[in-house]
Amino acid sequence: MNAVRKTCRITRLTRVEGRAIFDRAVRRALHMSGAEFLRKWNAGEFRDPDGDPGVMEVVMLLPLAR
Amino acid sequence: MTNAVLRVSSYAPGGPHVLLFNNNLPVRLHGPGIWFALTLRFRVTECIERGRGRWRVETTGYRYSVQDAPDHEVLRYDWHPESQEGGRLVSFPHLHVHAGRSVGRWLHKVHLPTGQVEVESVLALLLRDLGVRARRRDWKRILQQAGARFED
């Protein structure tokens, strides 16, 4: 991921947009709210997260929620 | 392949930050019925090497998902060493293959890119994930000493 061409600008998300995308991803993939996912994740309630595509989609987005 | 755009959560020094493709929604690629989703994690660090610019972007995780319908995954390349909370996730790069509609149609003839894979890692896969029984109780220690990439 070295270069961004001058003619190709990558826009930045606001914190509000990031949290909205996180929450939407959780609802679409796991049918719960972002807050509920964070509570369950922090409590270790996902037994096999690596084997669940929905959980892994959301886990990759965790920086948007923190 | 697509006109979908990339966005980032931040360019600030530090991280982890997230690079999103199509606002995290799967994108139908031009051509056959294949959808693609991509998420990258990265860090921004100050570069100490001369002549390379002040800032360096370092990839610290990825998820590349190939789907044969929206949210119907066939393949997923994963690397998420920073998401290791509680040791619940493996930290080495790996590939997931799911029983999507397309598996029988094209999976047998495509060439899935991987890094070099040591035989010790494949033996660990057989023993840990596929339930093959080892003849020795200390197989984990032996394979780890030999350089196999796996975690309990």
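Here is a quick tour of this structure, chain by chain and contact by contact. Keep in mind that you're looking at a predicted model. Chain B carries three helices and seven strands, and 29 of its residues are in contact with 20 residues of chain A. On the chain A side, we'll stop at helix α2(A), which has its buried residues along one face.

**Chain B overall**

- Start at the N terminus of chain B and the elements run β-β-β-β-β-β-β-α-α-α.
- Chain B is split into two parts: domain 1 covers 6–113, and domain 2 covers 116–152.
- Between the C-alpha centres of those two domains of chain B there are 26 Å.
- The C-alpha trace of chain B spans about 50 × 45 × 30 Å along its principal axes.
- Chain B has a radius of gyration of 19 Å, while a compact globule of 152 residues would come in near 15 Å.
- Of the 152 residues in chain B, 20% are buried.
- Take the contacts in chain B with a separation of 6 or more: 40% of them are between residues 24 or more positions apart.

**Where the chains meet**

- On the side of chain B that touches chain A, at least two residues come from each of β1 (6–8), β2 (14–21), β4 (35–46), β5 (55–69) and β6 (72–79).
- The top contributor to that side is β5(B), with five residues.
- By type, the residues on that side of chain B are 10 nonpolar, 12 polar and seven charged.
- The two chains also pair strand to strand: β1 of chain A (residues 11–12) runs parallel to β1(B), with two bridges between them.
- Look for Thr11(A) and you'll find Arg7(B), in β1(B), standing opposite.

**Strand pairing within chain B**

- β1(B) has a partner in its own chain too: it runs antiparallel to β2(B), and three bridges join them.
- One pair to look at here is Val8(B), whose bridge partner in β2(B) is Leu19(B).
- β2(B) is also joined to β4(B), this time by five bridges, and again the strands run antiparallel.
- In that pairing, Leu20(B) faces Thr39(B), which belongs to β4(B).

- Val57(B) sits in strand β5 of chain B.
- Val57(B) counts as buried because 20 other C-beta atoms lie within 10 Å, and the cut-off for buried is 20 or more.
- Thr45(B) is 12 residues away from Val57(B) along the chain, yet their C-alpha atoms are separated by 6.5 Å.

**Helix α2 of chain A**

- This helix takes in residues 34–42, and its buried residues are Gly34(A), Phe37(A) and Trp41(A).
- Seen down the axis of α2(A), the buried residues fall within an arc of 60°, so they line one face of the helix.
- Turned away from that buried side is a face with the exposed residues Ala35(A), Arg39(A) and Asn42(A).
- The cover over the buried residues of α2(A) includes three other helices of chain A: α1 (15–30), α3 (53–59) and α4 (62–65).
- After α2(A) comes Gly44(A), which has a positive phi near 70°.

Notes: Residues numbered from 1 in each chain as written. Chains lettered and ligands numbered in written order. Predicted model: local features only at pLDDT ≥ 70, side-chain atom pairs only at ≥ 80, totals over all residues. Contact = placed C-beta atoms within 7 Å. Helix = DSSP H or I, 4+ residues; strand = E, 2+ residues; numbered from the N terminus. Nonpolar A, V, L, I, M, F, W, Y, C, P; charged D, E, K, R; others polar. Pairing = 2+ DSSP bridges. Domains from an automatic or database assignment. Rg over C-alpha atoms; globule rule 2.2 N^0.38 Å. Buried ≥ 20, exposed ≤ 12 C-beta atoms within 10 Å, placed from the backbone. Arc of directions from axis to C-beta.
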